[in-house]
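Here is a short note for a colleague opening this structure. Please read the points with the model in view.

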Amino acid sequence: MVELVKDGSTGMEKVVLREPGGATAQVHLYGGHVTSWKNDKGEELLFLSSKAIFKPPKAIRGGIPICFPQFGTFGSLEQHGFARNRFWVIDPNPPPPPTALTGGNNGNGTTSSNNNNNSSSKHQPFVDLILKHGEDEHKIWPHSFELCLRVVLGLGGDLTLITRVRNTDSKNFTFTFALHTYLSVSDVSEVRIEGLETLDYLDNLKDRERFTEQGNAITFDAEVDRIYVGTPTKIAIIDHEKKRTFVLKKEGLPDAVVWNPWEKKARAMVDFGDEEYKHMLCVEAAAVEKPITLKPGEEWRGRQELSAVPSSYFSGQLDPSKVLQG
């Protein structure tokens with residue numbers, strides 16, 4: 001079931017997706033922003049700050065903001081670009097509903113345009129949103145583009161975001177990109193990330209100096225703001241207290257951003273509760289280290305799939321055969 005409704009508290013339009021098993025997702029047209037993802041028990045799986053501001057031009061704090069055409073301060077635009085604080089529209093002529101990348105992959109997710117109809121996805125609720133360049137965008141980023149987002153709620157409650165950027169200009173353009181996913185966790189100090197061991201990362205807290213991850217897993221006892229580069233297609237985020245594991249699968253997005261503001265920075269953000277850092281963790285599929293360049297008519301695609309599964313333990317460790325090798 002797919003329904004366009006007006007949010008009772010903000011007055012903004014949003015699309016509600018419901019799958020037969022009871023899972024739901026909500027996508028606000030402002031920002032093309034997924035603001036809720038609940039499992040079949042009604043448990044919220046994404047973090048949304050209690051102080052989130054739903055008023056332009058402020059971006060919504062939490063959920064899954066889209067960072068385009070710039071991630072962070074990797075350029076001259078406002079932080080994380082403008083896509084997250086623009087009004088998107090529902091695409092009236094979306095392509096057939098694939099749940100995986102299709103077409104020839106030319107590296108970094110760039111493809112020649114073609115679509116395969118995936119019959120397994122026909123009955124999954126989904127919505128297609130689109131953002132095109134306008135006069136305001138052209139003043140700050142003088143390129144013609146189409147940014148498309150498909151949000152699919154799988155029959156088992158998995159949440160998939162498929163993004164497409166098409167160059168509709170007469171000249172090349174370059175961009176960076178991220179799906180700034182805020183996960184809801186019980187206590188970030190009890191969470192660990194597996195799948196990024198031994199990889200290089202850029203530390204945003206140290207002027208993007210490059211380091212190599214030394215731990216067996218990533219754990220949290222202070223502020224973290226890192227861009228892991230050349231990451232695998234599957235990452236596990238293990239919440240010990242809830243005995244839940246988030247599995248993040250991605251294509252066309254070679255990097256992974258890991259962020260938690262911790263106490264001092266949390267208190268400095270007007271749209272973030274002082275203690276809320278304890279209950280969120282950002283793990284973001286991204287293309288940052290090597291910006292993507294599109295020629296006229298060329299298209300880039302990225303895909304992120306999130307699932308939440310029960311964790312299996314033996315001596316406190318996740319059974320890798322059920323997640324990382326699953």
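1. **Ground rules.** This is a predicted model, in which local features need pLDDT of at least 70, side-chain atom pairs count only at pLDDT 80 or more, and totals for chains, interfaces and linings use all residues. Residues are numbered from 1 along each chain as its sequence is written, and side-chain values use heavy atoms, with hydrogens and water left out.

2. Strands here are DSSP runs (E, at least two residues), numbered from the N terminus. Strand 14 covers residues 200-203 and strand 15 covers 209-212; they run antiparallel and are joined by four bridges. Two strands pair if DSSP finds at least two bridges between them. Asp-203 has Glu-209 as its bridge partner.

3. **Strand 10 and its partners.** Strand 10 (residues 159-167) is largely enclosed by the rest of the structure, because eight of its nine residues are buried. Buried means under 20% relative accessible area, exposed over 50%, and partly exposed in between (1.4 Å probe, protein chains only). Strand 9 (residues 145-153) pairs with strand 10 in the antiparallel sense over nine bridges. Leu-153 and Leu-159 are bridge partners. These strands also form a hairpin with five residues between them, and Gly-157 in its turn has a positive phi of about 95°. Strand 10 is also joined to strand 21 (residues 299-310) by eight bridges, again antiparallel. There, Arg-166 stands opposite Glu-299.

4. Four strands form an open sheet in the order 1-2-3-4, with antiparallel pairing. Strand 1 (2-6) and strand 4 are the edges, each pairing on one side only. From one strand to the next, the twist averages 20°. For that value, axes are lines fitted to C-alpha atoms (for helices over the stretch in contact), and angles run from 0 to 180 degrees between N-to-C directions. Strand 3 (residues 24-28) pairs with strand 4 over five bridges. Ala-25 stands opposite Trp-37 in strand 4.

5. **Cores.** The largest nonpolar core has 70 residues. Such a core is a set of buried Ala, Val, Leu, Ile, Met, Phe, Trp, Tyr and Cys residues joined through side-chain atoms within 4.5 Å. Strand 20 (residues 280-294) gives the most to this core, with eight residues. Apart from it lies another core of nine residues, among them Phe-71 and Ile-227. Ile-237 is among the residues with the most contacts inside the largest core. Leaving aside neighbours within four places in sequence, Ile-237 is in contact with residues including Leu-183, Phe-246 and Leu-281. Contact means heavy atoms within 4.5 Å.

6. **Ser-49.** Where does Ser-49 sit? Ser-49 is in the loop between strand 4 (33-38) and strand 5 (66-67). Ser-49 counts as buried because its relative accessibility is 5%. Its side chain reaches the backbone nitrogen of Lys-51 at 3.0 Å. A polar atom of that side chain also lies 3.0 Å from the backbone oxygen of Asp-271.

7. **Cysteines.** How many disulfides does a search of the whole structure find? The search finds zero. A disulfide is a pair of cysteine sulfur atoms within 2.5 Å. For Cys-282, the nearest cysteine sulfur, that of Cys-67, is 9.2 Å away. Cys-282 is buried, with a relative accessible area of 0%. Cys-148 counts as buried at 6%.

Key. A polar contact is a pair of N or O atoms within 3.5 Å; within protein, one must be able to donate a hydrogen and the other to accept it, and residues adjacent in sequence count only if both atoms are side-chain atoms.
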